[in-house]
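Hi everyone, thanks for coming.

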Amino acid sequence: MRAEFTPECTAGEARTGTVTTARGSFSTPCFMPVGTRGAVKHLDSSDLESLGVEVVLANTYHLMLRPGSETVARLGGIHGFADWSGHVLTDSGGYQIYSLDPAVDDEGASFASVYDGSPCRLTPEDAVTEQALIGADITMVLDVCPSAVAERPVLEEAVSRTALWARSGRDAFAAHPDAAQRQCQFGIVQGGAEVDLRRESAERTVEIGFDGYAVGGLSVGEERPAMLAALEACTAVLPADSPRYFMGLGDPVGIVEAVARGIDMFDCVLPTRLGRHGTVLSDAGRYNLSAARHAGSDEPLDPSFPDSPAGRWSRGYLRHLLATHEPTAARLVTLHNLAWLLRLMDRVRAAVREGTFDELRAGVSRVWE
(Lines give C-alpha, C1' and ligand atoms only; values in the text may rest on other atoms or scores of the structure.)
Protein backbone atom coordinates (compact mmCIF):
# COMPACT_ATOMS: atom_id res chain seq x y z
CA MET A 1 0.00 0.00 0.00
CA ARG A 2 1.68 3.18 -1.17
CA ALA A 3 1.41 6.40 0.81
CA GLU A 4 -0.33 8.69 -1.64
CA PHE A 5 0.21 12.43 -1.33
CA THR A 6 -2.53 14.63 -2.77
CA PRO A 7 -1.54 18.32 -2.96
CA GLU A 8 -4.20 20.93 -2.31
CA CYS A 9 -2.71 24.43 -2.17
CA THR A 10 0.76 25.92 -2.51
CA ALA A 11 2.45 29.13 -1.49
CA GLY A 12 5.87 29.02 -3.10
CA GLU A 13 7.34 25.70 -2.00
CA ALA A 14 5.01 25.54 1.03
CA ARG A 15 2.06 23.25 0.47
CA THR A 16 -0.97 21.70 2.06
CA GLY A 17 -2.17 18.25 1.17
CA THR A 18 -3.47 14.88 2.25
CA VAL A 19 -1.51 11.69 2.86
CA THR A 20 -3.54 8.52 2.33
CA THR A 21 -2.52 5.08 3.61
CA ALA A 22 -4.29 1.77 4.11
CA ARG A 23 -5.63 3.16 7.42
CA GLY A 24 -7.07 6.38 6.01
CA SER A 25 -5.94 9.95 5.50
CA PHE A 26 -4.37 12.82 7.42
CA SER A 27 -3.77 16.47 6.58
CA THR A 28 -0.39 18.11 6.05
CA PRO A 29 1.65 19.95 7.10
CA CYS A 30 1.24 18.04 10.36
CA PHE A 31 2.98 17.60 13.69
CA MET A 32 3.24 14.09 15.16
CA PRO A 33 3.58 13.85 18.97
CA VAL A 34 6.21 11.37 20.11
CA GLY A 35 4.96 8.31 22.00
CA THR A 36 8.30 6.50 22.16
CA ARG A 37 7.19 3.46 24.15
CA GLY A 38 3.60 3.44 22.95
CA ALA A 39 2.38 6.50 24.86
CA VAL A 40 3.04 10.22 24.84
CA LYS A 41 4.38 10.91 28.33
CA HIS A 42 1.60 11.82 30.82
CA LEU A 43 -1.12 11.39 28.17
CA ASP A 44 -3.32 8.58 26.90
CA SER A 45 -5.11 7.87 23.64
CA SER A 46 -8.27 9.73 24.65
CA ASP A 47 -6.17 12.84 25.30
CA LEU A 48 -4.68 12.60 21.82
CA GLU A 49 -8.15 12.15 20.33
CA SER A 50 -9.43 15.24 22.15
CA LEU A 51 -6.46 17.24 20.84
CA GLY A 52 -7.23 16.21 17.26
CA VAL A 53 -3.94 14.37 16.76
CA GLU A 54 -3.91 12.38 13.51
CA VAL A 55 -0.49 10.69 13.63
CA VAL A 56 1.62 9.53 16.61
CA LEU A 57 5.23 8.41 16.46
CA ALA A 58 6.46 5.30 18.29
CA ASN A 59 9.96 3.88 18.44
CA THR A 60 10.96 0.48 17.14
CA TYR A 61 14.14 0.25 19.23
CA HIS A 62 12.35 0.67 22.55
CA LEU A 63 9.28 -1.42 21.71
CA MET A 64 11.30 -4.34 20.33
CA LEU A 65 13.21 -4.48 23.64
CA ARG A 66 10.29 -3.82 25.99
CA PRO A 67 7.76 -5.33 25.94
CA GLY A 68 9.01 -6.97 22.71
CA SER A 69 7.53 -6.70 19.23
CA GLU A 70 5.95 -10.14 19.51
CA THR A 71 4.10 -9.07 22.66
CA VAL A 72 2.82 -5.93 20.92
CA ALA A 73 1.65 -8.09 18.01
CA ARG A 74 -0.16 -10.53 20.32
CA LEU A 75 -1.96 -7.66 22.01
CA GLY A 76 -3.38 -6.28 18.79
CA GLY A 77 -0.42 -4.47 17.28
CA ILE A 78 0.37 -0.93 18.31
CA HIS A 79 -3.19 0.23 17.60
CA GLY A 80 -4.84 -2.42 19.75
CA PHE A 81 -2.07 -2.28 22.34
CA ALA A 82 -2.51 1.46 22.88
CA ASP A 83 -6.20 1.57 21.86
CA TRP A 84 -5.39 4.18 19.25
CA SER A 85 -7.28 4.30 15.96
CA GLY A 86 -5.25 7.06 14.31
CA HIS A 87 -2.09 6.66 12.31
CA VAL A 88 1.16 5.45 13.83
CA LEU A 89 4.62 6.04 12.37
CA THR A 90 7.53 4.03 13.74
CA ASP A 91 11.10 5.30 13.74
CA SER A 92 13.45 2.45 12.81
CA GLY A 93 15.51 3.00 15.95
CA GLY A 94 18.62 4.17 14.11
CA TYR A 95 18.89 7.43 16.05
CA GLN A 96 18.69 5.67 19.42
CA ILE A 97 21.18 3.00 18.35
CA TYR A 98 23.74 5.59 17.32
CA SER A 99 23.58 7.20 20.72
CA LEU A 100 24.90 3.88 22.12
CA ASP A 101 28.18 3.84 20.19
CA PRO A 102 27.35 0.67 18.23
CA ALA A 103 29.60 -1.58 16.20
CA VAL A 104 28.47 -1.03 12.61
CA ASP A 105 29.11 -3.05 9.47
CA ASP A 106 27.52 -3.30 6.05
CA GLU A 107 24.89 -5.74 7.33
CA GLY A 108 23.71 -3.88 10.44
CA ALA A 109 24.53 -2.60 13.92
CA SER A 110 25.44 -4.37 17.15
CA PHE A 111 24.89 -2.63 20.48
CA ALA A 112 23.99 -3.14 24.12
CA SER A 113 20.41 -2.85 25.36
CA VAL A 114 19.79 0.40 27.21
CA TYR A 115 17.65 -1.57 29.66
CA ASP A 116 19.87 -4.43 30.81
CA GLY A 117 23.09 -4.23 28.79
CA SER A 118 22.39 -7.42 26.88
CA PRO A 119 23.85 -7.68 23.37
CA CYS A 120 21.51 -6.73 20.52
CA ARG A 121 21.72 -6.78 16.77
CA LEU A 122 19.57 -4.86 14.26
CA THR A 123 19.81 -5.16 10.48
CA PRO A 124 17.74 -3.43 7.79
CA GLU A 125 15.82 -6.69 7.38
CA ASP A 126 15.23 -6.94 11.13
CA ALA A 127 13.88 -3.38 11.18
CA VAL A 128 11.27 -4.38 8.61
CA THR A 129 10.27 -7.49 10.58
CA GLU A 130 10.07 -5.67 13.91
CA GLN A 131 7.97 -2.85 12.49
CA ALA A 132 5.65 -5.33 10.78
CA LEU A 133 5.06 -7.00 14.15
CA ILE A 134 4.46 -3.66 15.84
CA GLY A 135 1.95 -2.89 13.10
CA ALA A 136 2.62 0.78 12.36
CA ASP A 137 1.03 2.38 9.31
CA ILE A 138 4.21 4.18 8.23
CA THR A 139 7.58 2.55 8.84
CA MET A 140 11.11 3.84 8.43
CA VAL A 141 14.04 2.12 6.79
CA LEU A 142 17.07 1.60 9.03
CA ASP A 143 19.67 4.31 8.43
CA VAL A 144 23.06 5.40 9.69
CA CYS A 145 22.67 8.54 11.78
CA PRO A 146 26.10 10.03 12.51
CA SER A 147 26.96 12.48 15.27
CA ALA A 148 26.23 16.15 14.77
CA VAL A 149 29.96 16.86 15.02
CA ALA A 150 31.07 14.02 12.73
CA GLU A 151 33.92 14.74 10.32
CA ARG A 152 33.32 14.54 6.58
CA PRO A 153 34.79 11.02 6.13
CA VAL A 154 32.30 9.75 8.72
CA LEU A 155 29.46 11.52 6.93
CA GLU A 156 30.53 10.05 3.60
CA GLU A 157 30.52 6.57 5.08
CA ALA A 158 27.11 7.20 6.62
CA VAL A 159 25.70 8.24 3.25
CA SER A 160 27.08 5.14 1.55
CA ARG A 161 25.94 2.74 4.25
CA THR A 162 22.53 4.42 4.50
CA ALA A 163 22.06 3.79 0.78
CA LEU A 164 23.22 0.18 1.15
CA TRP A 165 20.84 -0.43 4.05
CA ALA A 166 18.04 1.35 2.19
CA ARG A 167 18.30 -1.12 -0.68
CA SER A 168 18.33 -4.09 1.72
CA GLY A 169 15.44 -2.67 3.72
CA ARG A 170 13.34 -1.93 0.66
CA ASP A 171 13.86 -5.42 -0.73
CA ALA A 172 12.95 -6.95 2.63
CA PHE A 173 9.84 -4.78 2.83
CA ALA A 174 8.66 -5.76 -0.66
CA ALA A 175 9.17 -9.45 0.18
CA HIS A 176 7.50 -9.39 3.59
CA PRO A 177 4.08 -11.13 3.52
CA ASP A 178 2.38 -8.50 5.70
CA ALA A 179 4.36 -5.28 5.51
CA ALA A 180 3.86 -4.47 1.83
CA GLN A 181 0.12 -5.17 2.10
CA ARG A 182 -0.76 -2.88 5.01
CA GLN A 183 2.21 -0.61 5.64
CA CYS A 184 4.15 2.16 3.91
CA GLN A 185 7.91 2.55 4.07
CA PHE A 186 9.85 5.81 3.99
CA GLY A 187 13.48 6.19 3.00
CA ILE A 188 15.84 8.50 4.92
CA VAL A 189 18.32 11.06 3.63
CA GLN A 190 21.55 11.67 5.58
CA GLY A 191 24.69 13.73 4.94
CA GLY A 192 25.04 16.09 7.89
CA ALA A 193 25.19 19.78 6.93
CA GLU A 194 27.21 19.02 3.77
CA VAL A 195 25.10 20.19 0.83
CA ASP A 196 26.73 17.92 -1.73
CA LEU A 197 26.37 14.85 0.48
CA ARG A 198 22.74 15.69 1.14
CA ARG A 199 22.09 15.89 -2.57
CA GLU A 200 23.89 12.61 -3.18
CA SER A 201 22.00 10.84 -0.40
CA ALA A 202 18.67 12.17 -1.66
CA GLU A 203 19.41 11.03 -5.20
CA ARG A 204 20.44 7.55 -4.08
CA THR A 205 17.37 7.19 -1.87
CA VAL A 206 14.98 8.35 -4.59
CA GLU A 207 16.62 5.97 -7.06
CA ILE A 208 15.64 3.05 -4.84
CA GLY A 209 12.07 4.33 -4.61
CA PHE A 210 10.06 4.64 -1.38
CA ASP A 211 6.50 5.56 -0.43
CA GLY A 212 7.75 8.75 1.23
CA TYR A 213 11.01 10.41 2.15
CA ALA A 214 12.48 11.65 5.41
CA VAL A 215 15.31 14.04 6.19
CA GLY A 216 17.29 12.71 9.14
CA GLY A 217 20.32 13.93 11.05
CA LEU A 218 19.45 17.65 10.95
CA SER A 219 18.36 20.04 13.71
CA VAL A 220 20.88 18.36 15.99
CA GLY A 221 22.92 21.40 16.93
CA GLU A 222 24.01 22.96 13.65
CA GLU A 223 23.30 26.65 12.95
CA ARG A 224 19.96 27.31 11.30
CA PRO A 225 21.39 28.65 7.98
CA ALA A 226 23.43 25.46 7.59
CA MET A 227 20.38 23.34 8.42
CA LEU A 228 18.21 25.13 5.88
CA ALA A 229 20.85 24.92 3.14
CA ALA A 230 21.15 21.16 3.70
CA LEU A 231 17.37 20.83 3.73
CA GLU A 232 17.05 22.71 0.44
CA ALA A 233 19.55 20.31 -1.13
CA CYS A 234 17.24 17.45 -0.11
CA THR A 235 13.90 18.92 -1.17
CA ALA A 236 15.32 19.92 -4.56
CA VAL A 237 15.65 16.19 -5.27
CA LEU A 238 12.78 14.56 -3.34
CA PRO A 239 9.68 13.88 -5.47
CA ALA A 240 6.90 16.44 -5.21
CA ASP A 241 4.25 13.71 -5.38
CA SER A 242 5.47 11.97 -2.20
CA PRO A 243 5.20 13.02 1.47
CA ARG A 244 8.33 14.61 2.93
CA TYR A 245 9.16 14.24 6.62
CA PHE A 246 11.67 16.21 8.71
CA MET A 247 12.67 13.96 11.58
CA GLY A 248 13.03 15.50 15.04
CA LEU A 249 12.10 19.12 14.33
CA GLY A 250 9.70 20.88 16.74
CA ASP A 251 10.66 24.51 17.27
CA PRO A 252 8.15 26.95 15.71
CA VAL A 253 10.62 28.84 13.50
CA GLY A 254 12.23 25.61 12.31
CA ILE A 255 8.85 24.13 11.41
CA VAL A 256 7.66 27.20 9.51
CA GLU A 257 10.96 27.53 7.65
CA ALA A 258 10.87 23.84 6.72
CA VAL A 259 7.27 24.15 5.52
CA ALA A 260 8.46 27.05 3.35
CA ARG A 261 10.86 24.55 1.74
CA GLY A 262 8.23 21.89 1.03
CA ILE A 263 8.21 19.69 4.15
CA ASP A 264 4.93 18.02 5.14
CA MET A 265 5.50 16.09 8.37
CA PHE A 266 7.28 16.77 11.66
CA ASP A 267 7.88 15.07 15.00
CA CYS A 268 9.76 16.12 18.11
CA VAL A 269 9.80 15.59 21.88
CA LEU A 270 10.19 19.35 22.38
CA PRO A 271 6.62 20.36 23.35
CA THR A 272 6.11 17.45 25.73
CA ARG A 273 9.60 17.55 27.27
CA LEU A 274 9.28 21.28 27.88
CA GLY A 275 5.82 20.79 29.35
CA ARG A 276 6.99 18.18 31.84
CA HIS A 277 9.53 20.67 33.17
CA GLY A 278 7.21 23.66 33.31
CA THR A 279 8.18 25.52 30.15
CA VAL A 280 5.13 26.91 28.37
CA LEU A 281 4.66 27.59 24.64
CA SER A 282 2.56 30.67 23.94
CA ASP A 283 1.82 33.23 21.25
CA ALA A 284 4.22 35.55 23.09
CA GLY A 285 7.02 32.97 23.05
CA ARG A 286 8.12 30.41 25.62
CA TYR A 287 8.43 31.08 29.34
CA ASN A 288 9.27 29.24 32.54
CA LEU A 289 6.19 28.74 34.71
CA SER A 290 8.44 28.15 37.73
CA ALA A 291 9.46 31.83 37.77
CA ALA A 292 8.37 33.63 40.93
CA ARG A 293 6.46 36.28 38.97
CA HIS A 294 3.79 33.71 38.13
CA ALA A 295 3.08 32.71 41.74
CA GLY A 296 0.23 35.17 42.21
CA SER A 297 -0.90 35.40 38.59
CA ASP A 298 -4.54 34.78 37.74
CA GLU A 299 -3.75 34.76 33.99
CA PRO A 300 -4.12 31.56 31.97
CA LEU A 301 -1.03 30.04 30.38
CA ASP A 302 -1.73 31.88 27.12
CA PRO A 303 -4.42 34.60 27.15
CA SER A 304 -4.54 34.54 23.34
CA PHE A 305 -5.39 30.81 23.34
CA PRO A 306 -8.70 30.56 25.24
CA ASP A 307 -9.36 27.04 23.94
CA SER A 308 -6.23 25.61 25.56
CA PRO A 309 -7.05 22.37 27.42
CA ALA A 310 -5.37 23.99 30.45
CA GLY A 311 -7.08 27.33 29.96
CA ARG A 312 -9.42 27.06 32.94
CA TRP A 313 -6.58 27.14 35.47
CA SER A 314 -4.46 30.13 36.42
CA ARG A 315 -0.70 30.37 36.14
CA GLY A 316 -0.59 30.72 39.92
CA TYR A 317 -2.41 27.43 40.43
CA LEU A 318 -0.39 25.53 37.84
CA ARG A 319 2.85 26.94 39.23
CA HIS A 320 1.80 25.72 42.68
CA LEU A 321 1.25 22.21 41.29
CA LEU A 322 4.64 22.36 39.60
CA ALA A 323 6.41 23.57 42.73
CA THR A 324 4.88 20.80 44.85
CA HIS A 325 5.76 18.14 42.25
CA GLU A 326 2.13 17.31 41.62
CA PRO A 327 2.07 15.17 38.43
CA THR A 328 -1.05 17.00 37.28
CA ALA A 329 1.14 20.00 36.47
CA ALA A 330 3.22 18.06 33.96
CA ARG A 331 0.09 16.61 32.40
CA LEU A 332 -1.71 19.95 32.02
CA VAL A 333 1.26 21.89 30.65
CA THR A 334 2.00 19.00 28.26
CA LEU A 335 -1.60 19.13 27.03
CA HIS A 336 -1.34 22.88 26.56
CA ASN A 337 1.96 22.74 24.68
CA LEU A 338 0.77 20.06 22.29
CA ALA A 339 -2.50 21.89 21.71
CA TRP A 340 -0.60 25.12 21.06
CA LEU A 341 1.72 23.47 18.51
CA LEU A 342 -1.16 21.66 16.78
CA ARG A 343 -2.95 25.02 16.60
CA LEU A 344 0.13 26.49 14.96
CA MET A 345 -0.05 23.74 12.32
CA ASP A 346 -3.73 24.60 11.76
CA ARG A 347 -2.70 28.22 11.23
CA VAL A 348 0.09 27.18 8.84
CA ARG A 349 -2.31 25.15 6.70
CA ALA A 350 -4.86 27.99 6.70
CA ALA A 351 -2.19 30.54 5.77
CA VAL A 352 -1.03 28.46 2.79
CA ARG A 353 -4.63 28.13 1.58
CA GLU A 354 -5.42 31.81 2.10
CA GLY A 355 -2.22 33.18 0.61
CA THR A 356 -0.99 34.67 3.89
CA PHE A 357 1.85 32.26 4.62
CA ASP A 358 4.58 34.87 4.27
CA GLU A 359 2.90 37.04 6.91
CA LEU A 360 2.55 34.12 9.31
CA ARG A 361 6.16 33.10 8.69
CA ALA A 362 7.38 36.60 9.49
CA GLY A 363 5.25 36.76 12.64
CA VAL A 364 6.56 33.46 13.96
CA SER A 365 10.12 34.59 13.30
CA ARG A 366 9.59 37.88 15.18
CA VAL A 367 8.38 36.09 18.31
CA TRP A 368 10.52 32.95 18.33
CA GLU A 369 13.83 33.66 16.56
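**Pockets and helix pairs**

Strand 4 (30-32) and helix 14 (327-354) each put two or more residues into the lining of the second largest pocket. Before I go on, please keep in mind that this is a predicted model.

So, which element gives that second pocket the largest share of its lining? Helix 14 does, with six residues. The space in the second largest pocket comes to about 240 Å³. It has 15 lining residues, and the ones closest to its centre are Leu 51, Gly 52, Leu 342, Asp 346 and Arg 349. Sorted by class, the lining has nine nonpolar residues, five charged ones and one polar one.

Now over to the largest pocket, with a volume of about 930 Å³. Here 39 residues make up the lining, and if you want to find the centre, look for Tyr 95, Gln 96, Asp 267, Val 269 and Arg 273, which are the closest to it. Helix 12 supplies the largest share, five residues.

Okay, on to helix packing. Let's stay with helix 14 for a moment, and bring in helix 13 (residues 315-323). The axes of these two are 7 Å apart, and the angle is about 130°. That's why helix 13 counts as oblique to helix 14. Their crossing is left-handed. Where do they meet? On the helix 13 side you have Leu 318, Leu 321 and Leu 322, and on the helix 14 side Thr 328, Ala 329 and Leu 332. This contact holds five nonpolar residues and one polar residue, with no charged ones.

The other pair I want to show you is helix 6 (residues 124-134) with helix 7 (residues 152-175), packed at about 40° with axes 8 Å apart. These two are therefore oblique to each other as well. This time, the crossing is right-handed. Helix 6 brings Pro 124, Glu 125 and Val 128 to the contact, where they meet Trp 165, Ser 168, Gly 169, Ala 172 and Phe 173 of helix 7. By class, that's five nonpolar, two polar and one charged.

How values were computed
Residues numbered from 1 in each chain as written. Predicted model: local features only at pLDDT ≥ 70, side-chain atom pairs only at ≥ 80, totals over all residues. Heavy atoms only, no water. 1 Å grid on protein atoms, 1.4 Å probe; cavity = no way out; pocket = protein on both sides within 12 Å on 5 of 7 lines; lining within 4 Å. Points joined across faces, edges and corners; volume = space filled by probe spheres on them. Helix = DSSP H or I, 4+ residues; strand = E, 2+ residues; numbered from the N terminus. Nonpolar A, V, L, I, M, F, W, Y, C, P; charged D, E, K, R; others polar. Axes fitted to C-alpha atoms, helices over the stretch in contact; angles between N-to-C directions. Parallel < 35°, antiparallel > 145°, perpendicular 65-115°, else oblique. Left-handed = near helix turned anticlockwise from the far one by under 90°. Contact = heavy atoms within 4.5 Å.
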